[in-house]
Amino acid sequence: MSEALLRVDRAAKHFRVSRSIGDVFAGRHRVVKAVDGVTFALGKGESVGVVGESGCGKTTLGRMLLKLIAPSEGAIEFDGVDIATLSGDALLDFRRRAQLVFQNPFDALNPRFTIKSALAEPLKNTHVPKGEHEARMLEAMQRVRLQDVEAYYGQYPHQLSGGQLQRVVLARALVLEPEFIVADEPVSMLDVSVRAGILNVMREIGEEMGIAAIYISHDLALVRYVCSRTITMYLGMVVEDGPTEEVVRRPQHPYTQALVKAVPTPHLDQSHDELPIRGGMPNPLNPPSGCRFRDRCPYAFARCAEETPPLRQVAPKHFAACHLHDQAA
Amino acid sequence: MAAQVDTSPAGAAAKPRAAWHRRLKQVLPTSDPFAVAGILIYVVFILVAIFADQLATHDPMEILFTDTYKLARSLPPGPDHLLGTTNVGRDIYSQLIYGTRGALLIGFAAAAAVVAVGTLVGLVSGYLGGWVDNVLMRLADIALGIPFLPFVVVLAAFLRPSMWNVVFAITILLWPNSGRVIRSQVLSVRERAFVEAAVVTGASKAQILFVHIAPNVLPLSFLYGSIAVGWAILTEASISFLGFGPSDTVTWGYMLQDAYASQALSRGHYNWFVPPGVCIILVVLAGFFITRGYEEILFPKLRR
């Protein structure tokens with residue numbers, strides 16, 4: 001792998017649940033392990049998709065990567081520096097280099113800011129010289145294919161459509177010319193008809209500007225379109241990590257296999273087999289012992305209850321956390 | 001491909017005049033007839049307060065005499081004294097005019113203070129949370145628990161019963177209401193994505209609080225301000241009626257107290273005590289109408 005821009009080392013986020021009277025008497029603090037020991041590295045300019053169902057911790061992971069919340073355990077390094085130690089000017093520099101694209105464009109812009117002031121705000125906050133503002137804003141707007149820039153500048157967010165808003169949100173991240181972007185479900189709130197446009201812009205950003213990106217999504221098809229590498233998460237843990245095409249064509253973890261199978265395709269002859277897994281996600285307050293997926297896994301056997309499977313290499317650059325792939329056994 | 005769909009902003013040609021009108025509608029509830037009536041009542045009272053010197057025919061506290069050098073006591077309304085005179089010969093109409101100035105001054109000053117304190121406390125408390133929030137909210141609980149009239153009586157005893165002390169008392173007693181509501185609004189606004197977006201772009205805490213959150217709770221502050229004006233005027237009237245009011249200003253409450261103490265009621269001097277009563281009712285009612293109009297702007301779901 002090329003030089004790593006971002007290194008995540010056993011990062012975990014535990015949220016305390018408010019205590020019931022019983023908990024208080026028992027002197028117990030219950031925690032939800034939203035993210036529980038995630039390790040991966042992201043190379044410069046690499047785009048990675050993080051997939052998993054709602055509640056698997058992918059959004060929490062994204063927020064940790066941008067220092068919006070602090071990890072309870074583990075470390076996150078950006079360009080060789082632990083982001084937990086950043087403050088003052090160093091933090092501002094990190095803010096300039098790492099940006100976020102939001103899920104809901106209708107809420108990501110302050111309703112009382114015009115588009116122009118929304119775009120200028122990041123530049124002002126990070127002390128970009130005033131002379132550069134115009135040019136940078138113009139360039140970002142062109143990047144996201146918003147022509148007729150002057151007309152947009154005077155408008156308020158409620159006057160734009162969802163697709164236009166998401167482009168503005170994207171432009172707002174790009175004015176800072178970042179090296180790393182986290183996109184949290186960037187198109188899930190948009191009409192299908194405008195998704196393709198946004199996705200094309202995002203693919204271009206990765207390819208032409210060389211921005212490393214993490215796309216958080218529940219949609220494998222989207223990830224396949226934009227990302228070269230895919231990470232599957234289940235209940236706060238990484239269960240599979242590999243090149244996207246590999247993961248989609250030859251998924252190695254039973255959970256990824258189910259996800260791939262669940263993607264609807266417009267072929268009428270698609271087999272309508274029942275999904276191999278059933279039930280919903282277990283209560284994250286009380287996850288199963290050993291492999292967290294075992295109670296929904298069609299292949300579960302005794303060892304799965306006793307031992308949490310580590311990520312094992314199953315093919316070049318392709319890892320899966322499943323006892324089925326333990327060569328030694 | 002699909003990129004071209006998004007290239008021209010909808011309504012880009014919106015005229016500046018329309019925008020100006022929309023702005024006005026955001027600030028003033030002009031669509032509700034009751035609210036418009038309330039605004040009109042306020043406008044009239046404000047004009048009266050401003051031009052009190054020109055409108056009044058006499059000095060409100062001057063003891064007047066008739067042409068025959070007799071005390072002009074308890075005269076009925078007439079061309080010389082539009083609303084008659086009090087039992088010691090003061091011009092009621094002039095008192096009413098100056099009373100408007102006193103009442104509005106106290107009302108607006110107290111409302112401004114209540115809104116300023118309440119908004120600041122609400123913003124800080126809601127955004128910082130933790131022990132700051134705890135301390136401020138317990139203070140609010142204490143202030144809410146203070147019984148109103150005894151507190152004012154004690155305050156009047158310790159400080160001189162002046163207009164500013166009345167404003168001070170009203171502020172102490174009313175800030176928790178707006179503070180709590182602003183706080184709860186801040187709690188919801190700070191969770192919105194654009195606040196996080198500001199964090200990601202490197203905004204400081206003060207910037208987030210005053211540039212991003214405050215403008216989004218300010219309409220609520222205005223709402224509480226318009227409620228507070230009416231409350232403050234009513235409060236001042238009751239304080240004055242009990243005789244603890246400002247001794248340096250003529251207010252409607254003072255007029256009522258004067259009338260009550262002089263047994264105007266039993267003597268049938270309606271021209272003395274009805275006008276200030278009507279004025280208090282009108283101002284409070286107008287405040288309520290405006291508030292109602294604001295509510296519809298702030299919470300559009302209330303519209304029928």
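**Exercise 1. Where along chain A does His127(A) sit, and is His127(A) buried or exposed?**

*Solution.* Start with the location: His127(A) lies in the loop between α4 (115-125) and α5 (130-143) of chain A. Helices here are DSSP runs of H or I with at least four residues, strands are runs of E with at least two, and both are numbered from the N terminus. Next, look at the backbone: His127(A) is not a glycine, yet its phi is positive, about 60 degrees. Finally, count neighbours: His127(A) has 12 C-beta neighbours inside 10 Å, so it counts as exposed. The cut-offs are 20 or more other C-beta atoms within 10 Å for buried, 12 or fewer for exposed, and partly exposed in between, with C-beta atoms placed from the backbone.

A word on the model: it is predicted, so local features need pLDDT of at least 70 and side-chain atom pairs count only at pLDDT 80 or more, while totals for chains, interfaces and linings use all residues. Residues are numbered from 1 along each chain as its sequence is written, and chains are lettered from A and ligands numbered from 1 in the order in which they are written.

**Exercise 2. Which element gives the largest share of the side of chain B that touches chain A?**

*Solution.* First, 24 residues of chain B are in contact with 36 residues of chain A; contact means C-beta atoms, placed from the backbone, within 7 Å. Two or more residues each come from α8 (193-200) and α9 (205-241) of chain B. The largest share, six residues, belongs to α8(B).

Conventions. Two residues are in contact if their C-beta atoms, placed from the backbone, lie within 7 Å.
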